[in-house]
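Work through the exercises below with the model open. Try each task before reading its solution.

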Amino acid sequence: MNLIKTGYMDILKLFKVSPPVGYSEKEIADAKAEVGALPFELESFFLKYGASKELHGLQDELILPNRYKSLLKSDYIVFFNENQGVCQAAVKKSDVSLPDPPVYTSVDDGEWKLSSPHVSEFLCAMFGYQASICLAFNPEEFYFITPEEREKIEGMFPRLGNFENWLYDWDITVYGKNGGRIALMENGGDIQMNYAANNEQEYSQMRKALENIGEAI
């Protein structure tokens, strides 16, 4: 099993997606009619998993490119939208021939900045970030942490991915294992942490490991 497929299977397990539901061929064709084409990796994700109800209603939203007319851009294909519509993630229309192209983000229709080298890496990291906020078992608080505390987290939990320039230039790194995820959001030296798990046992283990790390915001 390749790394991309492994990452997607982790997403499905994390959100307890059962069974995975994709958009129909017609829905994908309608989206492509609006934007011209979709890169292979993004189209494949939509066809296999994109309509799964468990992957929607999170903090931020995966979107089929023709579902929000206001987000259609002349040079970019938007596929992820921040919950207040402030920030979007997209691929360049000029990159659609690449099977797994880079992802760019823009805030308030401003400059597009590189966020991740590949769609697949972005999706795995982004859904890990969503999990750190939205999974059922969580402390209901965010935390400020220090660089030294970040090093402790890196020593305890595997690093699972990252993406950059989300919202106001946040660099987001995701850690965790099994049914739990931790997200560290860094901007200008400030580091925020949130974490959550999809089961009580995993959450208890994470909370114990992190109990002396961070100051509640």
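Buried means under 20% relative accessible area, exposed over 50%, and partly exposed in between (1.4 Å probe, protein chains only). The model is predicted: local features need pLDDT of at least 70, side-chain atom pairs count only at pLDDT 80 or more, and totals for chains, interfaces and linings use all residues. Residues are numbered from 1 along each chain as its sequence is written, and side-chain values use heavy atoms, with hydrogens and water left out.

**Exercise 1. Classify Lys53 and Glu54, then state how they interact.**

Step 1. Lys53 has a relative accessible area of 63%, so Lys53 is exposed.
Step 2. Glu54 has 17%, so Glu54 is buried.
Step 3. Apply the salt-bridge criterion: a side-chain nitrogen of Lys or Arg within 4 Å of a carboxyl oxygen of Asp or Glu.
Step 4. The closest N and O atoms of Lys53 and Glu54 are 3.3 Å apart, and the two form a salt bridge.

**Exercise 2. Find the parts of the chain that the salt bridge of Asp169 and Lys113 connects.**

Step 1. The N to O distance is 2.9 Å.
Step 2. Asp169 sits in the loop between β7 and β8, and Lys113 in strand β5, so the pair ties together parts 56 residues apart in sequence. Helices (H or I, at least four residues) and strands (E, at least two) are DSSP runs, numbered from the N terminus.
Step 3. Asp169 is partly exposed at 37% relative accessibility, and Lys113 is partly exposed at 27%.

**Exercise 3. Describe the packing of helices α2 and α3.**

Step 1. Take α2 as residues 25-35 and α3 as residues 40-48; their axes come within 10 Å and cross at roughly 145°. Axes are lines fitted to C-alpha atoms, for helices over the stretch in contact, and angles run from 0 to 180 degrees between N-to-C directions.
Step 2. List the contact (heavy atoms within 4.5 Å). Glu25, Ile28 and Lys32 of α2 meet Glu43, Phe46 and Leu47 of α3.

**Exercise 4. Give the strand order of the sheet that contains β1, and name its edges.**

Step 1. Two strands pair if DSSP finds at least two bridges between them.
Step 2. The open sheet of 5 strands runs β1-β2-β3-β4-β5, with antiparallel pairing.
Step 3. β1 (61-62) and β5 (113-116) each have a single partner strand, so one side of each lacks a neighbour in the sheet.
Step 4. Tyr76 has Lys92 in β3 as its bridge partner.
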